[in-house]
Amino acid sequence: MAHQLRDRRILVVEDDGATADLLRDVLADSDARVVVVRDGPDALREWSQQKPHAVILDLRLPGPLDGVDVYQEIRRRAGKPPPTVILSGADEATGSAKALGVPLVRKPFRLEQLLHALETVLPAA
């Protein structure tokens with residue numbers, strides 16, 4: 001998996017500091033270029049600036065935009081669905097992931113689960 005992440009831009013949208021730090025460290029150790037944001041408006045700004053290869057997206061975010069809003073706005077701007085993995089413990093996560101057509105990794109999670117899901121959505125290098 002590490003070779004597939006090398007030089008890939010990954011946007012992590014996660015408001016929990018410990019989870020965000022863990023994801024940043026694990027992905028950076030795999031030589032990915034990681035940007036972590038904590039809310040929807042920052043996610044949209046960074047997506048526009050960074051054009052990431054994939055997004056790891058929490059559903060419950062502080063502020064005016066939740067994860068579904070962020071996903072739908074990125075899809076609108078890009079003209080196609082962004083490669084995304086939803087990372088959430090929210091009750092509505094399963095339904096939201098199915099409706100959006102993206103993989104869900106439930107919190108608490110194993111890193112192997114998340115990395116496998118990320119591998120499935122990343123476009124070929």
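## A crossover in a predicted model

Strand β4, helix α5 (residues 93-100) and strand β5 form a right-handed β-α-β unit, where right-handed means that, with the strands pointing away from the viewer, the path from the first strand over the helix to the second runs clockwise. A right-handed unit is also made by β3, helix α4 (residues 67-78) and β4. Helices (H or I, at least four residues) and strands (E, at least two) are DSSP runs, numbered from the N terminus.

The model is predicted, and local features therefore need pLDDT of at least 70 and side-chain atom pairs count only at pLDDT 80 or more, whereas totals for chains, interfaces and linings use all residues. Residues are numbered from 1 along each chain as its sequence is written, and side-chain values use heavy atoms, with hydrogens and water left out.

## The sheet and its pairing

Five strands make up an open sheet in the order β2-β1-β3-β4-β5, with parallel pairing; two strands pair if DSSP finds at least two bridges between them. Because β2 (33-37) and β5 (104-106) stand at the edges with a single partner strand each, one side of each is left without a neighbour in the sheet. Neighbouring strands are turned by 20° against each other on average, direction ignored, with axes taken as lines fitted to C-alpha atoms, for helices over the stretch in contact, and angles running from 0 to 180 degrees between N-to-C directions.

Strand β1 (residues 9-13) is joined to β2 by five bridges, and isoleucine 10 stands opposite valine 34 of β2. Three bridges join β3 to β4, where isoleucine 56 stands opposite valine 85 and valine 55 opposite threonine 84. Three bridges also join β4 to β5, and leucine 87 has valine 105 of β5 as its bridge partner.

## Covered strands and a packed helix

In a regular strand the side chains alternate between the two faces of the sheet. In β3, Ala54 and Ile56 point one way and Val55 and Leu57 the other way, and all are buried, that is, under 20% relative accessible area, with exposed set at over 50% and partly exposed in between (1.4 Å probe, protein chains only). Five of the five residues of β4 are buried, with Thr84, Ile86 and Ser88 on one side and Val85 and Leu87 on the other.

Helix α6 (residues 111-121) packs on the sheet, where it touches β1, β3 (54-57), β4 (84-88) and β5, and its direction makes about 155° with that of β4; contact means heavy atoms within 4.5 Å.

## Individual residues

Valine 34, found in strand β2, touches Ile10, Val12, Arg24, Leu27 and Ala28, not counting residues up to four places away in sequence. Valine 34 and arginine 8 are 26 residues apart in sequence and 8.2 Å apart in space, C-alpha to C-alpha. Threonine 19 lies in helix α2 (residues 17-29) and is buried, with a relative accessible area of 15%; with residues up to four places away in sequence left out, threonine 19 touches Glu14, Leu87 and Phe109.

Lysine 51 lies over the face of tryptophan 47, at 4.3 Å from the ring centre, a charge being counted over a ring if NZ of Lys or CZ of Arg is within 6 Å of the ring centre and within 35 degrees of the ring normal.
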